[in-house]
Amino acid sequence: MYKGFGDLYYWGRDGMRKNYQKAFWWYEKAFQYFHSECYSGLGRCYYYGRGVRKDYKQAVYWYEKAAGQGSCIALYNLALLHDEGKGVPQDFNKAAMYYQRSAQLGYLSSMVNLGALYEEGTGVEQDYAQAVFWYRKAAEQGEPLAQTNLAMCYDGGKGVEQDDIKAAFWYRQAAEQGYYKAQALLGECYDNGKGVEHNPELAVTWFSRAAEQDYAVAQYCLALCYDYGDGVEQDHEQAVFWYRKAANQGHIDAIHNLALCYQEGVGVKQDYGKALKLLSQAAEAGLVSSIYALGVFYMDGLGVKKDPVKAVMYFR
């Protein structure tokens, strides 16, 4: 009963308004009466600082108690704490161990993270086949990140034979659940006719869904579609709109293309000053095409005084 009231206040269920202080009080009351289910609740309160001052060491203490009772969620949270070095020294080996125990108990997020550790070789020996095993186990239960990671394994032939059709299949499973990264990658499949029939209109549909979730990669791809009229009626103003959205998130190619729009006055009023500023930003990030474009600006005196010497420096 006590733990149940704690959950009601913590999550705001059954008409209860969220109240972390009251949730913490009920979790503590449950502990006093030896309700082991409260351990994860107390760990969660200490981890996020909800209803009590944030304290990662206390979070570890309570999660360990819950893990000792076989809680897959507590094991997952212990893995995160060791992964991030919060409340304990950072230890990828222990993180992998906790993810493994949690995954074996059926916790989907642990399966995904364990698969990622095997793919990266972090805390465990790199093993693409094991990565695929855990991604597939979670993907078949509908976990969208696992479905996307499994698709990427098929896309790149990691741990499985390369298969564009299976990659597109798993991208679609995750995309239809609203996962923005999978939506963008499925858009690329349709844009390139990879694993599916080439369909620029469907590419735009999926890019749009991901772009509306503020995913910079999709925003850039959608801008390109509007810029060149690929799968949608050409609209330079819309292209500028989406280039700007992606550029504001630091997407380097979007910054470069937005600069070109200002340089040429396409979809926006011509402004050499803004173009120069954007090109400088992309050039500082190492984009070769922006570095060359800066050379053109100084060679031709576009918004700046002609300076052939400085132009040559950029051309080099």
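This is a predicted model: local features need pLDDT of at least 70, side-chain atom pairs count only at pLDDT 80 or more; totals for chains, interfaces and linings use all residues.
Residues are numbered from 1 along each chain as its sequence is written, and side-chain values use heavy atoms, with hydrogens and water left out.

**Exercise 1. Classify the ring pair of Tyr-220 and Tyr-243.**

Step 1: Recall the rule. Rings of Phe, Tyr and Trp (its six-membered ring) pair if their centres lie within 6.5 Å; planes under 30 degrees apart are stacked, over 60 edge-to-face, and the rest tilted. The count by this rule is 15 aromatic pairs.

Step 2: Apply the rule. The two ring centres of Tyr-220 and Tyr-243 are 6.1 Å apart and the planes meet at 45 degrees, so this pair is tilted.

Step 3: Tyr-220 belongs to helix α13 (residues 216-228) and Tyr-243 to helix α14 (residues 236-247), so the pair links parts of the chain 23 residues apart. Helices here are DSSP runs (H or I, at least four residues), numbered from the N terminus.

Step 4: Check burial. Buried means under 20% relative accessible area, exposed over 50%, and partly exposed in between (1.4 Å probe, protein chains only). Tyr-220, at 16%, is therefore buried, and Tyr-243, at 0%, is buried too.

**Exercise 2. Now classify the pair of Phe-241 and Trp-242.**

Step 1: Their ring centres are 4.9 Å apart and the planes stand at 90 degrees, so Phe-241 and Trp-242 form an edge-to-face pair.

Step 2: With a relative accessible area of 37%, Phe-241 is partly exposed. Trp-242 has 10% and counts as buried.

**Exercise 3. Describe helix α4 and what caps its N-terminal end.**

Step 1: Compare spans. The expected span is 1.5 Å times one less than the number of residues. Helix α4 (residues 56-68) has 13 residues and reaches 18 Å from its first C-alpha to its last, close to the expected 18 Å.

Step 2: Find the buried residues. In α4 these are Ala-59, Val-60, Trp-62, Tyr-63, Ala-66 and Ala-67. In an α-helix there are 3.6 residues a turn, so residues three or four places apart point the same way.

Step 3: Look at the ends. Asp-55 caps the N-terminal end of α4, with a side-chain oxygen 3.1 Å from the backbone nitrogen of Lys-57. Just after α4, Gly-70 has a positive phi of about 85 degrees.

Step 4: Look at the rings. Tyr-39, Tyr-61 and Trp-62 are linked into a cluster by ring pairs. The charged end of Lys-65 sits over the ring of Tyr-39, 5.6 Å from its centre; this label needs NZ of Lys or CZ of Arg within 6 Å of the ring centre and within 35 degrees of the ring normal.

**Exercise 4. Which residues have the most contacts inside the largest nonpolar core?**

Step 1: Define the core. It is a set of buried Ala, Val, Leu, Ile, Met, Phe, Trp, Tyr and Cys residues joined through side-chain atoms within 4.5 Å.

Step 2: The largest core has 96 residues, and Tyr-99 and Tyr-243 have the most contacts inside it. Helix α13 gives the largest share of this core, 8 residues.

Step 3: List partners. Leaving aside neighbours within four places in sequence, Tyr-99 is in contact (heavy atoms within 4.5 Å) with residues including Tyr-76, Leu-80 and Leu-117.

Technical notes
Helices (H or I, at least four residues) and strands (E, at least two) are DSSP runs, numbered from the N terminus. A polar contact is a pair of N or O atoms within 3.5 Å; within protein, one must be able to donate a hydrogen and the other to accept it, and residues adjacent in sequence count only if both atoms are side-chain atoms.
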